[in-house]
Each structure stands twice: as C-alpha cells, then as structure tokens.
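Dear colleague,

Here is the structure that I promised to hand over to you. Please keep it open while you read, since the notes after it go through the strands, the core and the surface in turn.

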Amino acid sequence: AVVEVTSPLPPHMNIMLRLVGEDGEVASPEVYAKVLHPIDESGQRYLIHFTLLPPGIKGVLEKLKDKQ
C-alpha cells in the first residue's frame with residue numbers, strides 16, 4: 001500500500017494508522033504497518049506493508065482501493 005504523509009518517515013519504521021470515514025469519524029480500529037521506502041522524490045509518499053489488520057478491515061481497505 002502507499003501512504004502520503006506531511007513529514008519524512010525513516011525506512012523500517014513501525015507506524016499506526018487510523019482510518020477516518022467520510023463523516024470525519026474514526027472508521028476502524030488501529031492498523032499497523034512498516035515503512036518500506038519512499039516511492040518518489042518528494043519524501044511524502046511511502047510504500048508500506050501492513051503488519052496487523054484487525055478482522056473486517058481488509059474489506060474496508062478493498063473498498064478504498066476500488067474508489068481510486
């Protein structure tokens with residue numbers, strides 16, 4: 001997956017994500033991932049690998065992916 005951030009992230013850093021719904025409310029429990037590497041020169045987009053996905057969150061992520 002790709003995540004866009006406002007400040008640089010070091011490679012191999014563990015991060016926690018909270019998905020927020022269109023209404024601004026937290027849409028899921030925490031999701032954990034590891035930063036693999038930046039994907040462009042801006043230093044704001046990174047390839048990540050999910051390390052912990054709570055039950056049911058995979059479907060939410062698939063819906064987000066399909067919207068793009």
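Two strands are said to pair if DSSP finds at least two bridges between them, and the strands themselves (E, at least two residues), like the helices (H or I, at least four residues), are DSSP runs numbered from the N terminus. Before going further, please note that this is a predicted model, in which local features need pLDDT of at least 70 and side-chain atom pairs count only at pLDDT 80 or more, while totals for chains, interfaces and linings use all residues. Residues are numbered from 1 along each chain as its sequence is written, and side-chain values use heavy atoms, with hydrogens and water left out.

The overall plan

The protein chain has 1 helix and 4 strands, and along the sequence they follow the pattern β-β-β-β-α. Its C-alpha trace spans about 30 × 20 × 20 Å along the principal axes.

The sheet

In general, the strands of a sheet pair through backbone hydrogen bonds, and they do this either parallel or antiparallel. Here, the 4 strands form an open sheet in the order β1-β4-β3-β2, with antiparallel pairing. β1 (2–4) and β2 stand at the edges, each with a single partner strand, so one side of each has no neighbour in the sheet. Neighbouring strands of this sheet are turned by 50 degrees against each other on average, direction ignored, where the axes are lines fitted to C-alpha atoms (for helices over the stretch in contact) and angles run from 0 to 180 degrees between N-to-C directions.

Going through the pairs, you will find that β2 and β3 run antiparallel and are joined by 4 bridges, and that L17 stands opposite V31 in β3. β3 and β4 also pair in the antiparallel sense, over 6 bridges; H37 has L47 in β4 as its bridge partner, and A33 stands opposite F50 in β4. The hairpin of β3 and β4 has 6 residues between the strands, and in this hairpin G43 takes a positive phi near 75 degrees. β1 and β4 pair in the antiparallel sense over 3 bridges, with E4 opposite R45 in β4.

The core

In soluble globular proteins, nonpolar side chains tend to be buried together. A nonpolar core is a set of buried Ala, Val, Leu, Ile, Met, Phe, Trp, Tyr and Cys residues joined through side-chain atoms within 4.5 Å, and buried means under 20% relative accessible area, whereas exposed means over 50% and partly exposed lies in between (1.4 Å probe, protein chains only). The largest nonpolar core has 13 residues, of which V3, I15, L17, V35, Y46 and I48 touch the most other members. The elements that give two or more residues to this core are β2, β3, β4 (45–52) and α1 (57–67), and β3 gives the most, with 3 residues. If residues up to four places away in sequence are not counted, I48 touches A1, V3, I15, L17, A33, K34, V35 and L36, a contact being heavy atoms within 4.5 Å. Buried residues make up 24% of the 68 residues in the protein chain.

How many salt bridges does a search of the whole structure find? It finds 1, a salt bridge being a side-chain nitrogen of Lys or Arg within 4 Å of a carboxyl oxygen of Asp or Glu. R18 forms this salt bridge with E30, and their closest N and O atoms are 3.3 Å apart. The two residues are 12 residues apart, and both R18 and E30 lie in the loop between β2 (14–17) and β3 (31–38). R18 is partly exposed, with a relative accessible area of 49%, and E30 is partly exposed as well, at 29%.

Finally, please look at H12 in the loop between β1 and β2, which has a positive phi of about 70 degrees although it is not a glycine. H12 counts as exposed, at 57% relative accessibility.

With best wishes
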